[in-house]
Amino acid sequence: MTRVLAAGDHFVLPELFADALRHNAGELELEFTTLQLPWPVEPFGPVGNVDEASGTEQQVLDALGDAEIAVTQMAPFTGEVLRQAPQLKFIGVCRGGPVNVDLAAATENGVVVSYAPGRNAAAAAEFAVGLVLAALRRIPGSDAELKAGNWRGDYYAYENAGLELDGATVGLVGYGAIGKIVARVLKAFGAHVLVADPYADPAAVAQDGVELVALETLLRRSSVVSLHARLTPETRHLLNADNLKLLPKGAVLVNSARGGLLDYAPLPEMLKSGKLGALAVDVYDIEPPPEDWPLFDAPNVITTPHLAGATRQTAHRAAEIVAADAHRFLTGQRPRFVANPEVLDRIEGLGQ
């Protein structure tokens, strides 16, 4: 009998983890303890020495008991939790990266940490394209005007009319799982797609029918720019006051990736001057943004509360990815998505 902690929340429910693990179990006998954490009803944040976590260290310790396997999205597996859970052997985090796990402590204690790349790629890509269309065609603003009793016939005036994707040049900053889907959809609309990504394979990019260019070239040529890069120390404020000046007048900027990729400070003035035609954002430098956030008063701004990955399919897919890796681990196989593979090399008898 293998004891498992399914530490879900109000998005990836504990029962989704349990169902996915049972589906993958085969002849394995599993005994579950479940824990429901408060995210997203309550925002995530730093807990102990980890980031973007929900709940407390004590909640996790109380629920863990003698579980050898833990699967979660947001539970804080801090150094202190790992120190007090010597029986734990595997943590599956159903996110693009295990930021809520002290990876160094897990490695030191011989705990394999798995994660779930691409679990929300379809959802995030669809949302990004939705933001692009909403910004280009002024959908949220015209909706709000009509509900306020204003029939804005002047939206049909040339200077107020929206723009089409067909024939537009769209720049994607980052070309991972999400960026590739966005590119495919934009091409179906008839857009010419540019990509800036130092890690992209030029041959693969060319085969996809998109153009790989330097970031500065992308900014100069694109009437729409959408961000899809990972946030790292190197990519923080990747778009900033200096290079945003390169955008053509009236360009549309979309950020549904990470708030830290974009320096928001110069944007209010760029919007007021018309240098930036519209801004659509799902992520922020501070989440949630304060009530006096300057962009709330800037023209042509669309804001959503970090919803790009919020689909039911994402929740199911996320649980299934980590459940499959937990099953591989329990049956002596190497999990596919491991953040600390050096631990696997120390486990005797683990197959490929």
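Residues are numbered from 1 along each chain as its sequence is written, and side-chain values use heavy atoms, with hydrogens and water left out. Because this is a predicted model, local features need pLDDT of at least 70 and side-chain atom pairs count only at pLDDT 80 or more, while totals for chains, interfaces and linings use all residues.

Let me start with the nonpolar cores, by which I mean sets of buried Ala, Val, Leu, Ile, Met, Phe, Trp, Tyr and Cys residues joined through side-chain atoms within 4.5 Å, where buried means under 20% relative accessible area, exposed over 50%, and partly exposed in between, with a 1.4 Å probe and protein chains only. The largest nonpolar core has 30 residues, and Val225, Leu239, Leu253 and Leu267 touch the most other members. Among the elements that give two or more residues to this core are strand 11 (224–227), strand 12 (251–255) and helix 11 (267–273); helices (H or I, at least four residues) and strands (E, at least two) are DSSP runs, numbered from the N terminus.

What is Val225 in contact with, once neighbours within four places in sequence are left aside? Contact means heavy atoms within 4.5 Å, and the partners of Val225 include Gly171, Val173, Leu239, Leu253 and Val254. A second, separate core of 29 residues includes Ala134, Val182, Val210 and Ala278.

Turning to the backbone, a cis peptide bond joins Trp39 and Pro40, with omega about 5 degrees, and Pro40 lies in the loop between strand 2 (30–36) and strand 3 (45–47). The peptide bond from Glu287 to Pro288 is also cis, with omega near -10 degrees, and Pro288 is found in the loop between strand 13 and strand 14 (301–303).

Asn300, in the loop between strand 13 and strand 14, is a residue other than glycine with a positive phi, near 60 degrees, and it counts as partly exposed because its relative accessibility is 38%. His306, which is not a glycine either, has a positive phi of about 55 degrees; this residue sits in the loop between strand 14 and helix 12, and its 32% relative accessibility is why His306 counts as partly exposed.

Finally, the lining of the largest cavity divides into six nonpolar, two polar and no charged residues, where Ala, Val, Leu, Ile, Met, Phe, Trp, Tyr, Cys and Pro count as nonpolar, Asp, Glu, Lys and Arg as charged, and the others, Gly among them, as polar.
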